[in-house]
Amino acid sequence: MTSRFRSTNSGDALNSRTPRRRTVVKAAAATAVLAAPLAAALPARAAEAPAFLHGVASGDPLPDGILLWTRVTPAAEAIPGSGLGPDTQVSWTVARDKAFTSIVTTGSTVATAASDHTVKADIRGLQPATDYWFRFSAGGTDSPAARTRTAPAADAAVPGLRFGVVSCANWEAGYFSAYRHLAARSDLDAWMHLGDYIYEYKSGEYGTRGKVVRPHSPANEILTLADYRTRHGRYKTDPDLQALHHKAPVVAIWDDHEFADNSWSGGAVNHTEGAEGAWSDRQAAAKQAYFEWMPVRPAIAGTTYRRLRFGKLADLALLDLRSFRSQQASTASGSVDDPDRTITGRAQLDWLKSGLKSSDTTWRLVGNSVMISPFSVGSLSADLLKPLAKLLGLPQEGIAVNTDQWDGYTDDRRELLAHLRSNAIGNTVFLTGDIHMAWANDVPVDAGTYPLSPSAATEFVVTSMTSDNLDDIVKVPEGVVSAVAAPVIRAANRHVHWVDTDRHGYGVLDITADRAQMDYYVLSDRTNPNATSSWARSYRTRSGTQAVERTYDPV
């Protein structure tokens with residue numbers, strides 16, 4: 001088979017909830033402190049030959065291609081973010097079988113310190129809807145072998161699709177058992193990460209109920225390119241994360257913590273201009289490290305908004321709701337209804353509307369990092385209202401909306417939902433993370449008059465994998481807060497069919513021509529590396545309805 005390759009180093013393409021104030025730690029000093037213990041912890045073979053200590057991954061499946069990723073450690077001193085280590089030739093092999101007896105294509109590139117010794121290979125010329133196996137090699141050392149899968153042909157009649165869905169993986173708050181349970185499945189076409197793949201806080205600033213389960217590195221809040229590279233490298237050592245990357249391709253977008261808490265185009269709540277450097281420099285560093293360390297293929301340099309298609313069954317629009325947004329509304333920065341404020345930016349909103357209108361698939365999925373459904377707190381008692389505000393990063397008195405979500409940018413939401421209604425665009429499903437709670441929502445044109453007002457779309461929100469949710473902030477047993485808060489939230493938001501404020505877990509999205517269904521799974525204990533998983537609930541939207549309904553069995 002003839003193949004076409006493009007080896008990319010992301011550095012070439014992109015060089016350019018409860019925070020307290022922090023102490024700035026110089027990147028050079030942090031590297032010096034970390035280098036000795038991390039180098040000592042490397043396997044002995046890393047000092048003798050290149051090693052693949054961070055696993056391998058694939059992402060952004062196309063009908064004829066897949067993006068492959070790895071990071072090679074060419075020498076013991078070449079830890080992530082160090083800027084050290086020699087140029088190293090890295091080759092890749094793609095095969096039809098795990099034993100690599102039926103090789104499809106090979107290629108190679110050079111990993112350098114300029115790209116933190118990360119490697120990407122954009123493989124084309126593959127067959128649609130096909131499983132492949134791949135591995136990398138360097139200096140006589142092979143990486144682990146991993147499975148990936150291409151997307152169906154654009155015109156294919158696809159009977160079904162199944163995706164894992166996750167968000168909000170805070171290293172210090174617990175173990176990534178959700179990844180392990182998804183990796184144990186053999187039925188995933190791909191998995192979606194809807195943001196907060198990493199967290200930026202310094203060690204001890206944001207753990208689990210105030211306690212660190214496992215320390216991350218670097219210990220300081222990440223500010224520089226070296227810092228972000230080091231943090232990404234730490235995450236990629238997690239065995240459960242590696243296992244899932246080895247099992248299926250990922251489709252990822254970023255949210256705020258890949259940069260800093262509640263970030264916007266010109267800054268972040270968790271960034272102090274000057275004392276922590278210039279926001280533009282920090283943002284550029286975060287983006288460069290992200291594209292180096294993630295198997296993401298940006299359609300436009302410096303952004304994660306792009307579109308993937310899965311036959312005639314579904315297309316998937318992936319949003320970037322951090323790079324272009326206006327500052328979150330406040331007394332100083334304007335009203336949530338100000339038409340001059342935006343969460344998407346003009347170009348991205350036009351791109352999204354155009355794609356939704358022109359789509360000829362049965363389902364239109366939107367990978368959406370923050371909740372689009374309207375949300376009012378209703379008559380929550382003060383002891384729950386303040387913790388909820390803390391979780392959402394809002395003033396703890398008198399709140400009515402979460403201004404970091406689409407509620408803070410109502411003109412963009414109004415325009416988008418009107419577009420769906422006026423063009424009779426059905427079967428639009430928003431897939432969302434961020435809020436550390438699980439939700440199943442209709443997305444009404446006018447929440448104030450719902451259900452008399454029509455629903456323009458539906459939304460499935462997955463809870464956090466490890467990051468604190470409402471019961472963790474209140475520090476009460478799991479389920480206590482949800483029993484009180486969920487009925488109040490639903491009474492004030494009649495479009496909300498279900499909300500679980502307390503548990504951690506993940507979702508499995510199953511799509512057929514007749515319905516899109518989200519199965520919600522919860523973890524027994526995020527602080528236990530052997531946590532079990534159990535099915536909690538399932539909701540679906542049937543084709544043509546734009547409405548969510550409960551179903552009583554997982555797929």
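This is a predicted model: local features need pLDDT of at least 70, side-chain atom pairs count only at pLDDT 80 or more; totals for chains, interfaces and linings use all residues.
Reader: At roughly what angle do the axes of H8 and H10 cross?
Author: H8 covers residues 346-358 and H10 covers residues 410-422. Their axes come within 10 Å. The crossing angle is roughly 15°.

Reader: Are H8 and H10 roughly parallel or roughly antiparallel?
Author: Angles under 35 degrees count as roughly parallel. The axes of H8 and H10 cross at roughly 15°. The two helices are therefore roughly parallel.

Reader: Is the crossing of H8 and H10 left-handed or right-handed, and which H10 residues meet H8?
Author: H8 passes H10 in a right-handed crossing. From H8, the contact draws on Arg346, Leu349, Leu352, Lys353, Leu356 and Lys357. Their partners in H10 are Asp412, Glu415, Leu416, His419 and Leu420.

Reader: How many charged residues are in the contact of H8 with H10?
Author: The H8 side includes Arg346 and Lys353, and the H10 side includes Asp412 and Glu415. By class, the contact has five nonpolar residues and one polar residue. The charged residues number five.

Reader: How many residues of H5 are buried?
Author: Helix H5 runs over residues 225-235 and is mostly covered. Its buried residues include Asp227, Arg229, Arg231 and His232. Of the 11 residues in H5, the buried ones number nine.

Reader: Where does H5 cross H7, in terms of axis distance and angle?
Author: H7 spans residues 279-293. The crossing of H5 and H7 is right-handed. The axes come within 8 Å and cross at roughly 35°.

Reader: Is Tyr290 buried or exposed?
Author: Tyr290 is in helix H7. Buried means under 20% relative accessible area. At 1% relative accessibility, Tyr290 counts as buried.

Reader: What is the C-alpha distance between Tyr290 and Arg229?
Author: Beyond four places in sequence, Tyr290 touches His232, Ala252, Ile253, Trp254, Glu258, Val296 and Thr304. Tyr290 and Arg229 are 61 residues apart in sequence. In space, their C-alpha atoms are apart by 8.0 Å.

Reader: Which backbone nitrogen does the side chain of Asp60 reach?
Author: Asp60 is in strand S2, residues 56-62. Asp60 is buried, at 0% relative accessible area. Among the residues it touches outside its sequence neighbourhood of four places are Val250, Pro295, Arg306 and Leu308. At 2.8 Å, the side chain of Asp60 reaches the backbone nitrogen of Arg297.

Reader: Which residue supplies the backbone oxygen reached by the side chain of Asn493?
Author: Asn493 lies in the loop between helix H12 and strand S21. Leaving aside neighbours within four places, Asn493 is in contact with Pro374, Phe375 and Ser376. The side chain reaches its oxygen at 2.7 Å, and that oxygen belongs to Ser376.

Reader: What is the relative accessible area of Asn493?
Author: Asn493 and Val377 are 116 residues apart in sequence, yet 8.4 Å apart between C-alpha atoms. Buried means under 20% relative accessible area. Asn493 is buried, with a value of 2%.

Reader: Is the peptide bond joining Ser217 and Pro218 cis or trans?
Author: Pro218 sits in the loop between strand S11 and H5. Omega for the bond joining Ser217 and Pro218 is about -5°. The bond is cis.

Reader: What is omega for the bond from Tyr450 to Pro451?
Author: Pro451 is in the loop between strands S19 and S20. The bond from Tyr450 to Pro451 is cis. Its omega is near 15°.

Reader: What is phi of Asp116?
Author: Asp116 is found in the loop between strands S5 and S6. Asp116 is buried, with a relative accessible area of 2%. It is a residue other than glycine, and its phi is positive, near 60°.

Reader: Where is His436 found?
Author: His436 is not a glycine, although its phi is positive, about 65°. At 0% relative accessibility, His436 counts as buried. Its place is the loop between strand S18 and S19.

Methods: Residues are numbered from 1 along each chain as its sequence is written. Side-chain values use heavy atoms; hydrogens and water are left out. Axes are lines fitted to C-alpha atoms, for helices over the stretch in contact, and angles run from 0 to 180 degrees between N-to-C directions. Helices (H or I, at least four residues) and strands (E, at least two) are DSSP runs, numbered from the N terminus. Angles under 35 degrees count as roughly parallel, over 145 as roughly antiparallel, 65 to 115 as roughly perpendicular and the rest as oblique. A crossing is left-handed if the near helix is turned anticlockwise from the far one by less than a right angle, and right-handed if clockwise. Contact means heavy atoms within 4.5 Å. Ala, Val, Leu, Ile, Met, Phe, Trp, Tyr, Cys and Pro count as nonpolar, Asp, Glu, Lys and Arg as charged, and the others, Gly among them, as polar. Buried means under 20% relative accessible area, exposed over 50%, partly exposed in between (1.4 Å probe, protein chains only). A polar contact is a pair of N or O atoms within 3.5 Å; within protein, one must be able to donate a hydrogen and the other to accept it, and residues adjacent in sequence count only if both atoms are side-chain atoms.
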